Amino acid sequence: MLQYVIRRLLYSIVVLFAASFLTFTFVAVSGDPLAPLRTTPNVSKQTVENLTKKKHLDDPVPVRYWYWLKDAVTNQFGTTLIGDKPILPDLWRVMKHTLQLVIVAEALAILIAVGIGVYSALRQYSVFDYSATTFSFIGLATPVFWLALMLQVGVVYVYQWTGHRIFPIANLSSVDPGTGVHFWIDRAHHLVLPVFVLMVASIATYSRYMRASMLEVVNSDYVRTARAKGLTEQKVTMKHAFRNALIPLITLVALNFGALLGGAIATETVFSLDGMGLYFVTSLGANDPYPIMAWLMITATMIIIFNLIADIAYGFLDPRVRYD
């Protein structure tokens with residue numbers, strides 16, 4: 001196992017290096033990041049030239065990439081193009097908010113979806129099964145940004161009718177809520193609607209995969225053999241069927257982590273949450289390639305880590321999996 005993890009980590013370094021170069025190239029050739037400054041009346045030509053020289057914007061792309069890579073490794077992703085502000089402190093702050101949102105949404109979605117999927121498989125073609133299928137299709141067809149906007153509208157209308165705020169619709173921790181219990185209550189209060197938005201599509205996807213996987217497993221030969229031995233239905237389901245049915249779901253969860261970060265961009269923008277999604281949109285609007293590159297590298301690293309965790313989990317769920 002240790003050799004496998006080390007080998008995967010070494011492969012991941014190569015993948016990150018190749019991905020960073022390609023991404024930097026695409027970002028670099030997408031346009032002139034100093035174009036807004038060149039048309040600003042109160043910015044002198046000398047200021048633009050000094051900034052161009054400082055950030056090596058007039059060098060070839062491979063040379064610019066080398067300077068960026070050196071900053072990323074030795075100087076914590078360097079500084080922003082405008083304002084010369086350190087990137088990593090801001091990125092670390094917003095990353096903590098996004099991880100809270102994504103991890104809570106993913107954990108709740110997995111728990112709910114696994115329960116729905118298993119029960120639907122065990123009660124195939126029942127009213128519950130048909131209802132779960134219908135709601136899953138609706139969840140898959142619902143755009144994330146539209147659902148977030150509709151929840152905002154609903155909360156605003158409820159507030160207008162009752163005069164009481166049910167859930168905040170913007171500004172995660174815009175006012176310092178203090179520490180301890182009050183901090184976590186405020187954080188949970190702000191995250192209810194965004195977590196629900198991210199959960200909807202995940203529950204719809206995971207429950208369908210879990211149902212299909214469970215149906216395949218419960219009809220397999222070894223499950224029928226377990227029943228023939230006289231084991232109770234609960235033992236057959238939990239010990240023999242459920243554990244093996246989780247393997248396809250783990251793969252999907254690991255691959256879906258990147259999609260969740262993409263969904264967080266729309267969700268955080270709609271709810272004005274100070275997370276990685278809003279940070280990315282703001283950097284994109286400012287035409288600043290350096291925070292964008294830092295965001296992309298952090299996101300790629302997290303996706304690789306979650307895929308590695310999924311591969312390791314296979315060995316615990318299925319004894320047939322070996323890491324040679």
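A cavity, on a 1 Å grid over the protein atoms alone, is a set of points where a 1.4 Å probe fits but cannot get out. Searching the whole structure turns up 1 cavity of 30 Å³ or more, where a volume is the space filled by probe spheres set on the points, joined across faces, edges and corners. This is a predicted model, where local features need pLDDT of at least 70, side-chain atom pairs count only at pLDDT 80 or more, and totals for chains, interfaces and linings use all residues. Residues are numbered from 1 along each chain as its sequence is written, and side-chain values use heavy atoms, leaving out hydrogens and water.

So what's around that space? The largest cavity holds about 30 Å³, and its lining residues (those with an atom within 4 Å of a point) include Thr 98, Trp 295 and Thr 299. Helix 10 (233-271), helix 11 (276-285) and helix 12 (289-317) each give two or more residues; helices here are DSSP runs of H or I, at least four residues, numbered from the N terminus. Helix 10 gives the most, with 3 residues.

Now look at helix 5 (residues 87-122) and helix 6 (residues 127-141), whose axes come within 8 Å and cross at roughly 135 degrees. Axes are lines fitted to C-alpha atoms over the stretch in contact, with angles from 0 to 180 degrees between N-to-C directions. Ile 116, Tyr 119 and Ser 120 of helix 5 meet Phe 128, Asp 129 and Ala 132 of helix 6, with contact meaning heavy atoms within 4.5 Å.

Notes. On a 1 Å grid over the protein atoms alone, a cavity is a set of points where a 1.4 Å probe fits but cannot get out, and a pocket is an open set with protein on both sides within 12 Å along at least five of seven lines; lining residues have an atom within 4 Å of a point.
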